[in-house]
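Reader: I am new to this structure and would like a close look at a single part of it. Please take me through that part step by step.

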Amino acid sequence: MIQLYNVCKSYMKDSAALDQINLKIGKGEFVYLTGSSGAGKSTLLKLLYGGERPNRGQILIDGRNLTRMGARQLPLIRRRLGIVFQDFKLISTRTVFENVAFALEVQGRKRFEISKKVYAALKNVGLEHKLNRRPLELSGGEQQRVAVARALVVDPIVLLADEPTGNLDPETTLELMELFKSASARGSTVVMATHDRELIRRFPRRVVTLDNGRVVDDSHV
Ligand SMILES: Nc1ncnc2c1ncn2[C@@H]1O[C@H](COP(=O)(O)OP(=O)(O)OP(=O)(O)O)[C@@H](O)[C@H]1O
Ligand SMILES: [Mg+2]
């Protein structure tokens, strides 16, 4: 589902955020991206959704070469991805419902179908009673869960999540992991950046460790 060949990314001359990354991730696989701060986890996720372009190398998602895509094709593949950002990126002027509905509206789904799916996605994260609130009226953990509902509502082929448990209490963290596990069981490929060693111990999955922009360990469990 995801293939990277010799991918290099530097934001500035003489310092590589990612250096010669080769990686294959299968459909429905669940992979943790780990490594110390500055190792390149967020950069790798950004390359996978086309938020940044690599300086060298090829990135394929579902057999399509992101690196060769133009400005018109990229949004089409992006619609099939679910992304949970480190800072949520919710639209503050819109309600919780509207934030989650947005991705489905872009896909041109019918209003009735949108309502049904959005409600189900919010119920899944335990926030169906807050659908008329705006993001800033919610706690950090609640905003995080809205971001997760928004990512999962499209049944993404690939779910990318950057430290999605960073703002959650232990109980909500477990609930989020269950959501991610069932997304992967339904066929979504999950790539999740995390520092949380304890979480990885509790939910053992493949772990790709980055250090200084290189893959230094890739352990399948
Ligand atoms: N927009 C940017 N401009 C310049 N340098 C950047 C930019 N984004 C990231 N970097 C640099 O690229 C390297 C990798 O950063 P990245 O954010 O991918 O690390 P990370 O593993 O996600 O770290 P953290 O655990 O702190 O989130 C770092 O050296 C960082 O300073
Ligand atoms: Mg990061």
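Reader: How many bridges join strand β4 to β5, and do they run parallel or antiparallel?

Author: This is a predicted model. In it, β4, which covers residues 56-61, is joined to β5 by two bridges, and the two strands run antiparallel. Within this pair, I61 is opposite R64 of β5. Both strands belong to an open sheet of four strands, in the order β2-β1-β4-β5, with antiparallel pairing. The edges are taken by β2 (18-25) and β5 (64-65); each has a single partner strand, so one side of each has no neighbour in the sheet. Helix α1 packs on this sheet and touches β1 (2-9), β2 and β4. The direction of α1 makes about 120° with that of β1.

The helix itself is mostly covered, with six of its eight residues buried. These are K41, T43, L44, L45, L47 and L48. Just after α1 comes G50, with a positive phi of about 75°.

One of the buried residues, K41, carries a charge. K41 lies in α1, which spans residues 41-48. Although buried, K41 has no salt bridge: E163, the nearest side chain of opposite charge, is 4.9 Å away, and a salt bridge needs the charged atoms to be within 4 Å. A polar atom of the K41 side chain does lie 3.1 Å from the backbone oxygen of S36. Beyond its neighbours within four places in sequence, K41 is in contact with L33, T34, G35, S36, E163, A193, H195 and L210.

Methods
Residues are numbered from 1 along each chain as its sequence is written. Chains are lettered from A and ligands numbered from 1 in the order in which they are written. This is a predicted model: local features need pLDDT of at least 70, side-chain atom pairs count only at pLDDT 80 or more; totals for chains, interfaces and linings use all residues. Side-chain values use heavy atoms; hydrogens and water are left out. Buried means under 20% relative accessible area, exposed over 50%, partly exposed in between (1.4 Å probe, protein chains only). Lys and Arg count as positive and Asp and Glu as negative; His and the chain ends are not counted. A polar contact is a pair of N or O atoms within 3.5 Å; within protein, one must be able to donate a hydrogen and the other to accept it, and residues adjacent in sequence count only if both atoms are side-chain atoms. Contact means heavy atoms within 4.5 Å. Two strands pair if DSSP finds at least two bridges between them. Axes are lines fitted to C-alpha atoms, for helices over the stretch in contact, and angles run from 0 to 180 degrees between N-to-C directions.
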